[in-house]
Amino acid sequence: MRLFSRSSRKHTEIIEIEDRAYIALRARAERLGLDINQVLEEAVSNHEGESPENGDLRPKNESIKKEAEKLIGEHITLSSKLAALRFKYFSTYYGCATESMRLLALEAEHRSLCEATGQKYDSTHYQREKGLFEKYHQDLRVRVEKGE
Amino acid sequence: MKIKLIKSKSPHGRRQELHEIDIVEKCEIILDRIEHEQRSSQVDRLKSEIPKLKAELNDLESRQHEAETDLKWMEGRVDELVNRNRELLAILRGSSQ
């Protein structure tokens, strides 16, 4: 037998609840992040007013629980996909940053070799290479500054 | 389970019954209400987060596709330049001998 007592200036109330009912109530309250004593307190203090305003909420709770479970499943799937894709993207992204730097170095070497050998230097791709270097390094700089 | 709410002292010095209530039922009603509030709020939160996740996923897929295209082009261009520079180096070595 559990005892729950509530005192006020005018009267004292004592409630006795069977262990089994108390344990079930306490477990349910804990699942909802509540303290059973607060629930009991409210039940006693508001015993005249506490009635289901919108009818019995249990069927509604069952259907909303199913809806929440469905949404949680969708949320988990999307979050997992997003986490995997973020990993893949950053791997590709750093590959781009590295490759664009390597490309500019090779382009500079190519220009020097053209000059040294008297070959005509073709700068067709240079602007694109420079643009890619800036694109991936500027973004990288922003990410480093943000601490990402 | 029915319980009796009792005044400890009546005007005549006796215990006085006030009400008889089913405490378990009252608690269940309170818990039903709180569960309903919590679940409704959880559903609202999920409903607002899921479209954001979908949008983020679409955006990232598009950026991934773009980065893959860029990387493929750069890898091809690196190979091209490595070969071309090797040829030019051979010319340079040939001319210096």
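**Notebook: a predicted two-chain model**

I began with B:Leu89, which I located in helix α1 of chain B. I took helices (H or I, at least four residues) and strands (E, at least two) as DSSP runs, numbered from the N terminus. B:Leu89 has 14 C-beta neighbours inside 10 Å and therefore counts as partly exposed. The scale used is this: a residue is buried if 20 or more other C-beta atoms lie within 10 Å of its own, exposed if 12 or fewer, and partly exposed in between, with C-beta atoms placed from the backbone. I also looked up B:Arg77, which is twelve residues from B:Leu89 in sequence and 18 Å from B:Leu89 in space, C-alpha to C-alpha.

I noted the conventions next. This is a predicted model, in which local features need pLDDT of at least 70 and side-chain atom pairs count only at pLDDT 80 or more, while totals for chains, interfaces and linings use all residues. Residues are numbered from 1 along each chain as its sequence is written, and chains are lettered from A and ligands numbered from 1 in the order in which they are written.

**Confidence**

I checked pLDDT, the predictor's confidence in each residue, from 0 to 100. Chain A averages 83, with 81% of the residues at 70 or above; chain B averages 85, with 76% of the residues scoring at least 70. In chain A the lowest mean, 52, falls in strand β1 (residues 2-7), and the highest, 94, in α3(A). In chain B the lowest mean is 54, in strand β1 (residues 2-7), and the highest is 93, in helix α1 (residues 23-96). Where pLDDT is low, the predicted coordinates should not be read in detail. For the complex, I recorded an ipTM of 0.70 and a pTM of 0.70 from the predictor.

**Composition of the chains**

I listed four helices and two strands in chain A, in the order β-β-α-α-α-α from the N terminus. Chain B has one helix and two strands, running β-β-α from the N terminus. Of the 148 residues of chain A, 16% are buried; of the 97 residues of chain B, 15% are buried.

**Packing of α3(A) on α4(A)**

I then examined α3(A) and helix α4 (residues 126-146) of chain A, whose axes lie 9 Å apart at an angle of about 140°. Axes are lines fitted to C-alpha atoms, for helices over the stretch in contact, and angles run from 0 to 180 degrees between N-to-C directions. α3(A) is therefore oblique to α4(A); angles under 35 degrees count as roughly parallel, over 145 as roughly antiparallel, 65 to 115 as roughly perpendicular and the rest as oblique. The residues making the contact include A:Tyr93, A:Leu104 and A:Glu107 of α3(A), and A:Tyr126, A:Phe133 and A:Leu140 of α4(A). I counted a contact where C-beta atoms, placed from the backbone, lie within 7 Å.

**Interface of the chains**

Finally, I looked up the contact of the two chains, which takes 62 residues from chain A and 53 residues from chain B. On the side of chain A, the elements giving two or more residues are β2 (12-17), α1 (19-31), α2 (36-45) and α3 (58-117). The largest share, 35 residues, comes from α3(A). By class I found 30 nonpolar, 14 polar and 18 charged residues on this side. Ala, Val, Leu, Ile, Met, Phe, Trp, Tyr, Cys and Pro count as nonpolar, Asp, Glu, Lys and Arg as charged, and the others, Gly among them, as polar.
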